[in-house]
Amino acid sequence: MKTRFSHKEVEKNRNEIASEIVNLSATLNLPKGTEAFISDIHGESDRFSHIMRSGAGNISKKVEELFTGRLTKSNQKKLACLIYYPSEVLKNVQNKLTDKPDLEQWQMDTFNNLIEMLRYMANKYPKKLVKESVQPKFWEIIENLLMIDTSYNSKQLYCQGLLGSIVKLGLADDFIIALCHAIQRMAIERIHILGDIYGRGLHPDRVIAYLSDHWQNFDIQWGNHDILWMGSMAGSKLCMLNLIRICARYHNLKLLNEAYDIDLTSIVKFARHSYRPLPNFEPKVDNVEEIPKEELVTDNCVQQAATIMQFKLEGQAIQA
């Protein structure tokens, strides 16, 4: 059955397609966006988060380019740190600046620096991508601030009125955080993960969550450790035992229970009953003195049990 469109619908679709072609053609003339290539994260979520917050070092470079001669090196570092960790820095500022006028002056100065920084970061991106990087509730305000030419006195007054209203309404912190997050996203247009999000580290789940919640453009090439987890999810007993063995070796069994709700009670009970701790199976951890002895014993015994069962299944797979 053929679908018929009215003349108005056809004309509307034609105009939308033409408009998209014009926009895409214009985008091709913009400078290429920054791309980051990251590999072997191995569940180190804090380190990964810092790389992404700092734009893989790109943000501090842009701060230096824009503010050299206007801000001291020390203040440049403070601004970069604010962009990386806005919530944490804001708490420290509020504790230090207890006088309301001083705090409001700091907020106004910070607004201006962050808006200028965002404008500088966004100059090579189309408006659509910039909009995607900004929290929707602040987009209209930020769009106006990015477009304002402050060389005109009337525009300066308009800008001051906008920022002053944000302070009076108690939205200063939220607005600063929104600007910082937008700058973070502008620092890297696309992220390429080159294998092994999972592995030895404690929180690969947080890496996945961070990418999903904070980034719009990323792709992943799965590594052997990632495929091990996928094989386990698909039901491979051999992959499961290999995964449990690695988690026990790096004192990371809690990840399976806390992040993925996998009950290890049976294997822990079996391992503690059937095996005794051996030096060759001591967990590989840096802060061993901070870990309860019972947990270390569990790691040691579970690692032994999982290793033997893994060897048996590998032998069956080889014979097959």
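Which residue in S3 stands opposite Leu-194? In this structure, Leu-194 faces Gln-221 in S3. The model is predicted: local features need pLDDT of at least 70, side-chain atom pairs count only at pLDDT 80 or more, and totals for chains, interfaces and linings use all residues. Residues are numbered from 1 along each chain as its sequence is written, and side-chain values use heavy atoms, with hydrogens and water left out.

**View 1. An open sheet holds three strands in the order S1-S2-S3**.
Pairing in this sheet is parallel. Strands are DSSP runs of E with at least two residues, helices are runs of H or I with at least four, and both are numbered from the N terminus. Two strands count as paired if DSSP finds at least two bridges between them. The edges are strand S1 (35-38) and strand S3 (218-221), each pairing on one side only. On average, neighbouring strands of the sheet are turned by 15 degrees against each other, direction ignored. Axes here are lines fitted to C-alpha atoms, for helices over the stretch in contact; angles run from 0 to 180 degrees between N-to-C directions.

**View 2. S1 pairs with S2 in the parallel sense**.
Four bridges join S1 and S2. Glu-35 has Arg-190 in S2 as its bridge partner. Ile-38 has Ile-193 in S2. Buried means under 20% relative accessible area, exposed means over 50%, and partly exposed lies in between (1.4 Å probe, protein chains only).

**View 3. Strand S2 (residues 190-194) also pairs with S3**.
The sense is parallel, over four bridges. His-192 has Asp-219 in S3 as its bridge partner.

**View 4. Helix H15 (residues 265-274) crosses helix H16 (residues 293-319)**.
Their axes come within 8 Å and cross at roughly 95 degrees. H15 is therefore roughly perpendicular to H16. Angles of 65 to 115 degrees get that label; those under 35 count as roughly parallel, those over 145 as roughly antiparallel, and the rest as oblique. Ile-267, Val-268, Phe-270, Ala-271 and Arg-272 in H15 meet residues of H16 including Glu-294, Val-297 and Cys-301. Contact means heavy atoms within 4.5 Å.

**View 5. The cysteines form zero disulfides**.
A disulfide is a pair of cysteine sulfur atoms within 2.5 Å. Cys-239 is in none, and its nearest cysteine sulfur, that of Cys-247, is 13 Å away. Cys-301 counts as buried because its relative accessibility is 1%.

**View 6. Tyr-84 lies in helix H4 (residues 73-84)**.
Tyr-84 is buried, with a relative accessible area of 11%. Leaving out residues up to four places away in sequence, Tyr-84 touches His-50, Arg-53, Ser-54, Ile-59, Ser-60 and Gln-184. Its C-alpha atom is separated by 12 Å from that of Ile-176, 92 residues apart along the chain.
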